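Take a look at the chain below.

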Amino acid sequence: MTAFAVRPGSSRQLAGTGTLLRFALRRDRLMMPVWIAVNALMALSMPNTLESLYGTPAERADLIRQMGTNSSLRAMVGPVFDDSLGALTAWRVGVYAGALAAVLSLLVVVRHTRDEEESGRQELVASGTVGRRASLTAALLAAAVANGVLALLLTAGLAGQGTTGALALGLGIAGVGMVFATMAAIVAQLTESARLARGLTAAVLGAAFVLRAAGDSATDDGSSVLTWLSPLGWLENLRPYADERWWVLALLAGAVLLQGAVAYGLAGRRDIGMSFLPTRPGPASGRLGSAGALAWRLQRGSVLGWSIGFLLAGVVYGGMTEGAADLVGDNENARRIFERMGGRSGLTDTFLASMTGMLGLVAALYIVASVLRPHGEETSGRAEPVLANAVGRLRWAAGHLVIAFGGSALIMLLAGLGLAAGYGKETGPILGACLVQLPAIWVIGGLTVLLIGVLPRAAAAAWGVAGAVLLIGWVGPALDVPQAVLDVSPFGHLPKLPGGEMEWGPVLVLLGLAVVLVAAGLAGLRRRDMTT
């Protein structure tokens, strides 16, 4: 391994941090602003939406009463602690904003630590005057910048509902992001694979959400031990706009400092490219004798994780269908928002259609990550030995694309089965509603293939596209944006099922567009030089 230019224990172990931080921010100049914008706009749009839904004290009191008796809805969004618009905003978006901040943070940290080592670029950087812990510090500072900007936007944007509550919410969400940033830093030291580091940290985030959901379904005041075992539960118990518990921020800060210290300790005790849990080598023949088998070996963990997550999410959403209908009741504004998301059929069908649409939007993130996998293999240099053998580029890429596009169909199928199981009826229509999301998902996947084939240096922009689609789908209906804006997203052209009419025209057009995008991307990949 290349020796570091500075000795461990010297005062120069952070040399070059500023340069690496600027480089990291430059690399993330597309992904980071989009994720921050999605998160911030989701929160900042909520007060006006909630005011239109629950404009009177009586309506808000009725909401609190219903949430106190509806355990399935508490599992989804947590308990309500006060009837002010600020408190309702923190209740409605707090958990999800914290989860989005956590996802962005773990992606940033793993990208600028383990990804750099796996690709071999970190070894070249380390051969210069760069401190041993500079890369880790730069990655954590990049995550801190992202979370700091998000906290400032939330504090400034929600100050009209109360400066103290806005500050608490902003700091809490940023704190959750930094907890998972430092956790990702630890996992990046333990594992030899960036893919595994992202997957393990995301699994911890999923476990944190499940613990919080289980705790909140059991109690209506966030006091469950299970809730307190989750960083998302800490954010909830900070109680912005409801007699803030400022001492909860000490829990977040303590976790960040402790995990950061562990990550720094581990970083100083290993060589570049090495890990404390080395990857077990696999067989070089037999089951891995084809490009498709290798692609499956590389992506099977991701497919399994997403499949389990979508199945469980479907069960949760299906179980809360009747409760959501009771919660909306005669509230015409709430009904109108659901109708913009899920069509103008009965309220139950409308809710199910909106939930399948949300799952489709999240599935777009899966297909982007999966399609980008061969690009990661290319930039890390691992694709070159494979392509040096009797394996063509199209065959190599096709193995990954089958996993990406087929995997998206699998997770949406499992989501439909989960919805049907949770709801207890109408399996066929619910499965159809989930599967009809696939053409829009595949358009996003096709655009990602096009970027890889034609503009490989801009391939990361696919995350920005997925984030923009997510923003339009989640926030657009609540903000009552023009239909022309909703139609920018491919999901805006899908039929609203179950309950609505099946329209084959838009579905076939989206399928055709996805085929054209994939074909153009593969043609570009076949003709361009491979990245080295």
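## Helices and buried residues

The crossing of α22 and α25 is left-handed. A crossing gets that name if the near helix is turned anticlockwise from the far one by less than a right angle, and it is right-handed if clockwise. This is a predicted model, where local features need pLDDT of at least 70, side-chain atom pairs count only at pLDDT 80 or more, and totals for chains, interfaces and linings use all residues. Residues are numbered from 1 along each chain as its sequence is written, and side-chain values use heavy atoms, with hydrogens and water left out.

**The whole chain.** The chain has 25 helices and zero strands. Helices (H or I, at least four residues) and strands (E, at least two) are DSSP runs, numbered from the N terminus. Of the 532 residues, 54% are buried. Buried means under 20% relative accessible area, exposed means over 50%, and partly exposed lies in between (1.4 Å probe, protein chains only). Among contacts with a separation of 6 or more, 77% join residues 24 or more positions apart. Contact means heavy atoms within 4.5 Å.

**Two helix pairs.** Two packed helices are described by the angle between their axes and the distance between the axes. The axes are lines fitted to C-alpha atoms, for helices over the stretch in contact, and the angles run from 0 to 180 degrees between N-to-C directions.

| Helix pair | Angle | Axis distance |
|---|---|---|
| α22 (residues 438-454) and α25 (residues 504-527) | roughly 15° | within 7 Å |
| α2 (residues 31-44) and α9 (residues 134-157) | about 25° | 10 Å |

The angle makes α2 roughly parallel to α9. Likewise, α22 and α25 are roughly parallel to each other. Angles under 35 degrees count as roughly parallel, over 145 as roughly antiparallel, 65 to 115 as roughly perpendicular and the rest as oblique.

Which residues meet in the first pair? Those of α22 include Pro439, Trp442 and Val443, and those of α25 include Val507, Leu510 and Leu511. The contact of α22 with α25 holds 18 nonpolar, four polar and no charged residues. Here Ala, Val, Leu, Ile, Met, Phe, Trp, Tyr, Cys and Pro count as nonpolar, Asp, Glu, Lys and Arg as charged, and the others, Gly among them, as polar.

Now the second pair. α2 passes α9 in a right-handed crossing. Met32, Ile36 and Asn39 are among the α2 residues in the contact, and Ala142, Ala146 and Val149 are among those of α9. This contact has eleven nonpolar, two polar and no charged residues.

**Single residues.** Ala139 sits in helix α9. Is Ala139 buried or exposed? Ala139 is buried, with a relative accessible area of 0%. Not counting residues up to four places away in sequence, Ala139 touches Val108, Val109, His112 and Thr113.

Gln299 lies in helix α15 (residues 291-319). Gln299 is buried too, at 3% relative accessible area. Beyond its neighbours within four places in sequence, Gln299 contacts Ser370, Arg373, His400 and Ile403.

Lys425 is in the loop between α20 (393-423) and α21. Lys425 is partly exposed, at 42%.

**One face of a helix.** In α21 (residues 427-435), Ile430, Leu431, Ala433 and Cys434 are buried. Seen down the axis, these buried residues fall within an arc of 160°, so they line one face of α21. The arc is that of the directions from the helix axis to the C-beta atoms.
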